[in-house]
Amino acid sequence: IAILSAAGLAVGMALQGTLQNFAGGVIILLLKPFKVGDYIEQGSYAGTVVSIRIFSTTLSTVDNLQVIVPNTELATKSLTNFSTMEKRRVVVKVGIAYGESVDRAREALVAMAKECPNVLQEPAPAVSVTELGESSVNLAVVVWTLPQNYWNVFFTMNERVYNTLNEANISIPFNQLDVHIAKEN
């Protein structure tokens, strides 16, 4: 009886992780916090859900890697699902040189954002000053898009922000450090 009890305990301990993953799979299948095709992030895992199985979920990363995540991880910890909301915000941060006109930069960037493909017009694109940095006045260009267009809009906006400021002759500064050398008397 003692040997059978010890063997039963050993088998139970060995199956503990598997049973947790099974329970996690049941929770995911019942509560449906995400579905196949959703882009999710949990801890160090991020990707598009390819399949949901009883013990694990398979993700495809933006690098086209396959990641198999134990369902316990996805069922018992905080999870971000980027696909459930109707719109997604895209923020592009840029600094302009001190002395440049914030109003002129805002006007040029808002006009550019309104013409950018896949940018929604509601809520309207906006440009705000986020910080007075060491070497620049930092701006955030905020637009909204559909979740499936996020990365295309993000990359396109970065390029267009740079080109728009260049065309408007608004300087984007490099980090700089002024050194003053004092003469000894």
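## The chain as a whole

Four helices and eight strands make up the secondary structure of this chain. The model you are looking at is a predicted one. If you walk along the sequence, the elements come in the order α-β-β-β-β-α-β-β-α-β-β-α.

The chain has 185 residues, and 32% of them are buried. Its accessible surface comes to about 12,200 Å², with 56% of that belonging to carbon and sulfur atoms. Contacts can also be sorted by how far apart the partners sit in the sequence: among those between residues at least 6 apart, 61% join residues at least 24 apart.

Which residues of H4 are buried? They are Tyr150, Val153, Met157, Val161, Thr164 and Leu165. These residues cover an arc of only 85 degrees around the axis, so they lie on the same side of H4. The other side of the helix has exposed residues, namely Asn152, Phe155, Glu159 and Glu167.

What do the buried residues of H4 pack against? Their partners are strand E6 (88-96), helix H3 (102-115) and strand E8 (137-145). Just after H4 comes Asn169, which takes a positive phi of about 55 degrees.

## A nonpolar patch on the surface

Now turn to the outside of the model. Phe22, Val26, Ile27, Leu30, Leu31 and Phe55 form a nonpolar patch on the surface. Together these residues have about 580 Å² of accessible area.

Is Leu31 buried or exposed? Its relative accessible area is 66%, and because exposed means over 50%, Leu31 counts as exposed.

## Pro70 in strand E4

The last stop is Pro70, found in strand E4 (residues 66-70). With a relative accessible area of 30%, Pro70 is partly exposed, since that class lies between the cut-offs of 20% for buried and 50% for exposed.

How far apart are the C-alpha atoms of Pro70 and Thr58? They are separated by 8.9 Å, while the two residues are 12 residues apart along the chain.

How values were computed: Residues are numbered from 1 along each chain as its sequence is written. This is a predicted model: local features need pLDDT of at least 70, side-chain atom pairs count only at pLDDT 80 or more; totals for chains, interfaces and linings use all residues. Side-chain values use heavy atoms; hydrogens and water are left out. Buried means under 20% relative accessible area, exposed over 50%, partly exposed in between (1.4 Å probe, protein chains only). Helices (H or I, at least four residues) and strands (E, at least two) are DSSP runs, numbered from the N terminus. The arc is that of the directions from the helix axis to the C-beta atoms. Contact means heavy atoms within 4.5 Å. Patches are made of residues with over 30% relative accessible area and no salt bridge: like charges are joined within 9 Å, nonpolar side chains (Val, Leu, Ile, Met, Phe, Trp, Tyr) within 5 Å. Accessible areas come from the Shrake-Rupley method with a 1.4 Å probe; for residues, only the protein chains shown count as cover. A salt bridge is a side-chain nitrogen of Lys or Arg within 4 Å of a carboxyl oxygen of Asp or Glu.
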